[in-house]
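These are my notebook entries on one structure.

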Amino acid sequence: MNTRRAALLGALCIAGAAALALALGSPASSLVRAVCDGAAVVTLGLVLVPTLDVQRYRGELAARAARHLVLASAVWTVAELVRLVVGAAEAAGWSAARVGVRTTVAFATDTAAGRAGLVCLTAALMVCVVALSSPRGTRPSSAPWVLAVGAAAIGVAGRSLIGHLSESPLGGVAVAVHALAAAVWCGVLAGLVLVVTHRGQWARILPRFSQMSSWCVVVLLVFGVIGAAVTLDSPSDLYGTEYGRVLSAKVAVTVVLVVLAARNRAGWLPAARSHRATVVVSRSRSRVELTVMAIALTLAAALAVTG
Amino acid sequence: MIRRLTAAALIGAALAMAALAGAGVASAHAVRVAADPAPDSSLASGPARVSATFNERLQTDFAAMTVVGPDGNLWSTGPVDVAGPVASVALLPLGPTGPYTVNYRVTSADGHVVSGSWSFTLTVAGTGSPGPKVGKPSDESDGVPVWPFVALAAAIVGGGVWVAVRRRT
């Protein structure tokens with residue numbers, strides 16, 4: 001499976017998940033959100049990927065990630081801009097095609113949602129500028145790398161803080177931490193698929209990724225449950241409301257994802273560690289996991305707008 | 001391959017089940033919890049203001065509220081007032097008997113748009129004169145369109161990427 005086919009499959013999965021989210025009752029702007037969140041997650045992952053290799057090879061891995069990072073952060077920046085305009089149109093009741101500069105500026109400066117969008121746009125732009133100005137990649141622990149990691153993390157978690165749960169500080173923090181853990185897990189795996197090519201690299205990196213991702217899953221589940229508990233009034237909301245139904249779908253996808261990850265941990269990880277897994281096997285394993293993650297992320301985007 | 005198919009089948013089944021469960025009321029966003037006058041109430045004389053109370057604070061910007069009478073005319077007047085979770089608008093002295101419909105569109109504190117309407121009935125004709133006819137959605141434009149600027153920004157970012165990627169290969 002070449003890169004183009006993989007990208008096509010990924011796009012199809014996101015489109016399919018968006019269509020399902022629409023069927024579950026969330027508005028069309030969730031597609032813009034899905035593209036935006038997906039690009040943000042991949043950006044964060046690409047910045048973090050070099051930390052998984054041993055010190056000696058980090059520079060090489062960062063250089064390999066550099067081109068992908070430029071592309072991902074550029075897509076993220078443009079998507080954030082479009083999202084801001086679509087959000088302004090929605091708030092003002094204009095159609096997205098007719099919305100003007102005045103409304104957009106008023107939305108971006110006067111409303112909490114607009115200001116959060118502005119923060120995320122700035123974060124995305126910052127990562128994009130760092131990526132454009134470091135042609136040899138951002139080496140872990142260098143100043144541009146720290147800047148890029150910080151900005152990407154703010155871009156991923158910032159909106160959650162004012163999302164659904166702006167009225168409840170506990171819920172807001174829980175959802176922000178949940179989003180960050182999910183972004184690190186999915187983003188780094190996406191980064192691995194894009195950047196890692198040799199069997200030897202998989203052997204070095206996969207055990208570290210596995211360790212990191214299990215922590216991510218624990219954090220993700222704990223804070224996800226807290227967030228859901230704060231948002232839902234009763235268990236019957238899980239199927240009785242649109243929000244609850246999208247949430248249930250997300251829970252189901254997460255269960256599939258964790259089962260998949262557990263199986264990979266039992267089979268692929270030992271094989272890769274001892275250099276037995278071919279690159280083809282490693283790639284296809286990671287792509288399957290990534291596909292399910294893309295669906296979960298799209299549903300997460302839908303969750304944030306449903307209602 | 002089998003694992004992939006199994007995963008796809010599982011997700012498909014879960015989502016289909018969720019989709020088939022039918023539409024309900026969303027609970028996670030702002031909802032209207034009270035209205036004055038009450039929905040479907042009958043009044044002998046028109047109130048000075050109509051108001052809607054929500055379960056969350058509202059943004060003060062981008063709120064809209066209109067009252068349309070049985071004659072298709074606008075009977076609300078002045079700007080929409082937003083105070084905490086309450087949005088309200090002043091009414092003209094009402095005229096003909098019949099149903100008056102209040103339409104609203106507000107933005108909750110978390111940035112979500114909530115819109116809806118409710119009606120009340122006037123049973124004794126008043127002497128007020130209506131505002132303008134409510135016609136087709138207004139053709140007023142929103143000033144300078146924003147999309148050219150978005151396209152320009154996208155072109156600048158795209159150009160930067162193109163240069164960066166070319167430099168590297």
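This is a predicted model: local features need pLDDT of at least 70, side-chain atom pairs count only at pLDDT 80 or more; totals for chains, interfaces and linings use all residues.

The entries below follow the order in which I looked things up.

Entry 1: I asked in what order the strands of the open sheet in chain B are arranged. I found four strands in the order S1-S3-S6-S5, with antiparallel pairing. I then looked up which strands stand at the edges. They are S1 and S5 (76–83) of chain B; each has a single partner strand, so one side of each is left without a neighbour in the sheet. From one strand to the next, I recorded an average twist of 15°.

Entry 2: I next examined the loop between strand S1 (32–36) and strand S2 (42–43) of chain B, where Pro37(B) is placed. The peptide bond between Asp36(B) and Pro37(B) is cis, with omega at about 0°. Asp40(B) is found in the loop between S1 and S2 of chain B as well. I noted for Asp40(B) a positive phi, near 60°, in a residue other than glycine.

**Entry 3: a loop in chain A.** I looked up Ser141(A), which lies in the loop between helix H5 (112–133) and helix H6 (143–162) of chain A. Its phi is near 75°, again a positive value in a residue other than glycine. I counted Ser141(A) as exposed because it has 12 C-beta neighbours inside 10 Å.

**Entry 4: a helix contact in chain A.** I asked at what angle the axes of H3 (residues 58–92) and H4 (residues 101–110) of chain A cross. The crossing is at roughly 95°, and the axes come within 9 Å. Angles of 65 to 115 degrees count as roughly perpendicular, so I describe H3(A) as roughly perpendicular to H4(A). On the H3(A) side, I listed Leu84(A), Val85(A), Gly87(A), Ala88(A), Ala91(A) and Ala92(A) as making the contact. On the H4(A) side, I listed Thr103(A), Thr104(A), Phe107(A) and Ala108(A). I sorted the residues of this contact into seven nonpolar and three polar, with no charged residue.

Terms used:
Residues are numbered from 1 along each chain as its sequence is written. Chains are lettered from A and ligands numbered from 1 in the order in which they are written. Helices (H or I, at least four residues) and strands (E, at least two) are DSSP runs, numbered from the N terminus. A residue is buried if 20 or more other C-beta atoms lie within 10 Å of its own, exposed if 12 or fewer, and partly exposed in between; C-beta atoms are placed from the backbone. Two strands pair if DSSP finds at least two bridges between them. Axes are lines fitted to C-alpha atoms, for helices over the stretch in contact, and angles run from 0 to 180 degrees between N-to-C directions. Angles under 35 degrees count as roughly parallel, over 145 as roughly antiparallel, 65 to 115 as roughly perpendicular and the rest as oblique. Two residues are in contact if their C-beta atoms, placed from the backbone, lie within 7 Å. Ala, Val, Leu, Ile, Met, Phe, Trp, Tyr, Cys and Pro count as nonpolar, Asp, Glu, Lys and Arg as charged, and the others, Gly among them, as polar.
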